[in-house]
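Take a look at the model first, then read on.

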Amino acid sequence: MTTKTLDTVAASPGRRRFKGRLGAGTTLAMLAVMVLLPLVLPSATLATEILIFAMAALACNLLLGFTGLLSFGQAIFFGAGAYISALAMIHLNAGLIGALLIAVVSGCVLALGVGMLCIRRKGIYFVMLTLALTQMAYFLAYTLSDWTGGDNGLLDVPRPPLAVGETTLISFASPLAFYALVASLFALIYVVARRITDSPFGSTLLAIRENEQRASALGYDTRLFKIMVFVLSGGITALAGALYGMLLNFVPLSNIELLMSEQILIMTIIGGTGSLFGSLLGAGAIVLLGDLLSSIWPRWMLLLGVALIAVVIFMRGGLWGGLSSLLERRRGSHTKPHKEAGHD
Amino acid sequence: MTDVLLETRDLALAYGAFRAVDGVSLRIARGSIHTVIGPNGAGKTSLFHCLTGERRPTAGRILLDGREITREPPHGRVGLGMSRSFQVTSLFQELSVHENLRLAAQGIDGWRALNFWQRLNKRREHLARADEILERIGLAERAGVAAGELSHGQQRILEVGMAICPRPKLLLLDEPTSGMGIDDIPSMTSLIGELGEDHSILLIEHNMSIVMSISDTITVMNRGQVLVEGDPETVRSDARVRDAYLGEAA
């Protein structure tokens, strides 16, 4: 049996070895990017913003790129994570870990509800349900202005230190220290997400993306898998939202707007669906572009539209797809590139 | 008395007033190749949908190995020992041939497939099963190729290969030769014949030469009901069968 397994591996050695190298390569590249970001960019705050949105895009990618679920509901979890963690810190005096944990748990619970409701329908109806729920969440946040600050946003959100009892271990008051916190959390999530996408669960998600009817006929309870990936994605997105609140010391109402869902989706698509590293590229590109262009030209979002159209038409694999095919060509690999498992 | 693996009792499926399946009672013997044929609109596909769980019958019961499975969802039937292929090729197009088969073998895990921390190569039994089926269906050379890049004939073979991965007690094959070129059909015929040696098979098929050469029992359906049942010789010589098919031709 083992020799047989070796034979089949040997049948396509080039691709497999390439894929393995690329896999280890992206993790290293990711670490390198995280160390370099605050050094290269004008501020650590900007670098932090990139990683927070990369986290949200990565979570969105688990739905869109790995399971084929186009959800406009990500703002619900992002906004809820931001509001709930901020409220827990303001009213319940929650510490850093407590606030982040509350955000993750509430994100998971909300995603469980949203997921269970939305996956009852497929295709366009699924998308419409996620749209409707995001609108509801927005108006809920708008109406509950005693808690959320409504249009003005929730002010005076603290950025608590890592503390045991009364003793402060690490303060995150400086932008660089907070960046280090966000970077460590992002690295952790990235590694965990990679592990998950390489697991039986992750491989089944790809099967559902490719052909849900067949997956179901093979014995997979596809609804259960879709709900689980929703919960996972919701938890990560809520964590990103909570960190964003701490970064800004403020939770704007726009965190829970439909526009936030769109932005997260655009980052995911531009970066490359089905590639976790792509999410970092996509978030980086959009946040940087926004930062650069918004000071020059207030209607810069127009250019974002053009960029999205270009990627969708000319670069189906997004920035990651473009980059990896470039790498592959430079290696002089003769094997025709195709997605073996659909991800890096 | 023969050992019955799958039994339907007065199975019916109605779409409004139209009764697509109208009181069908089948008994499929363990270890046999049992074929359902019939003119277009006879209710073969509707019957198949009831057996796979895609449609819930409006009346009647389905028993697998004596166990009631009438209301079991499609994914639940795999664990109970039933596996199916599709009439219209239904693969994971962008995934490799090997991965298609591995996923097919992993489906039997049920809840355990939700494991999100294990590495895939730790589940050796699924890898080994995929390799074994690759050899069996003669696609070992193409293991690393995306399923969508196979020729149509090879895709049809992979389609059947995926159905046998979970080691089913009963294999449901829905027109396995559908859309296949004349040159590819013999390889499918011999594959099904071989599978019949260690599987019980329920086959729906249009190609008469296959039906007559490999079936142990043939059930002829017409207008949602069983018209005739028997071995190939009996069915071939039955006047009612000729009428049903001639009626279609006329």
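**The A/B interface and helix packing**

Across the interface of chain A and chain B, the rule turns up one salt bridge, meaning a side-chain nitrogen of Lys or Arg within 4 Å of a carboxyl oxygen of Asp or Glu. Keep in mind that this is a predicted model, where local features need pLDDT of at least 70, side-chain atom pairs count only at pLDDT 80 or more, and totals for chains, interfaces and linings use all residues. Residues are numbered from 1 along each chain as its sequence is written, chains are lettered from A and ligands numbered from 1 in the order in which they are written, and side-chain values use heavy atoms, with hydrogens and water left out.

**Chain A against chain B**

- On the contact count (heavy atoms within 4.5 Å), 37 residues of chain A touch 44 residues of chain B.
- The two chains bury about 3700 Å² between them, with carbon and sulfur atoms giving 59% of that; buried area here is the accessible area (1.4 Å probe) that two parts lose on being put together, summed over both.
- On the chain A side, R195(A), R214(A) and L218(A) lose the most area to chain B, together 20% of what that side buries.
- R214(A) also pairs with E159(B) in a salt bridge, and their closest N and O atoms sit 2.2 Å apart.

**A helix pair across the interface**

- Helix α9 (residues 200-210) of chain A and helix α3 (residues 97-106) of chain B have axes that come within 11 Å and cross at roughly 115 degrees.
- The residues doing the touching are P200(A), S203(A), T204(A) and A207(A) from α9(A), with E99(B), R102(B), L103(B) and Q106(B) from α3(B).
- By class, that contact splits into three nonpolar, three polar and two charged residues; Ala, Val, Leu, Ile, Met, Phe, Trp, Tyr, Cys and Pro count as nonpolar, Asp, Glu, Lys and Arg as charged, and the others, Gly among them, as polar.
- For all of these helix pairs, axes are lines fitted to C-alpha atoms over the stretch in contact, and angles run from 0 to 180 degrees between N-to-C directions.
- Helices are DSSP runs (H or I, at least four residues), numbered from the N terminus.

**Helix packing inside chain A**

- Helix α3 (residues 44-67) and helix α8 (residues 175-197) of chain A have axes that come within 8 Å and cross at roughly 20 degrees, so α3(A) and α8(A) are roughly parallel to each other.
- The α3(A) and α8(A) contact holds 20 nonpolar, three polar and no charged residues.
- Helix α12 (residues 258-271) and helix α13 (residues 276-296) of chain A pack at about 120 degrees, axes 7 Å apart, which makes α12(A) oblique to α13(A).
- Here I266(A), M267(A), I270(A) and G271(A) meet G278(A), G282(A), A283(A), I286(A) and V287(A), a set with six nonpolar, three polar and no charged residues.

**Salt bridges overall**

- Over all chains, the count comes to 20 salt bridges.
- One of them joins K122(A) and E212(A) at 3.8 Å, N to O.
- This pair links distant parts of the chain, 90 residues apart: K122(A) is in the loop between α5 (96-118) and α6 (123-143) of chain A, and E212(A) is in helix α10 (residues 212-217) of chain A.

Technical notes. Helices (H or I, at least four residues) and strands (E, at least two) are DSSP runs, numbered from the N terminus. Angles under 35 degrees count as roughly parallel, over 145 as roughly antiparallel, 65 to 115 as roughly perpendicular and the rest as oblique.
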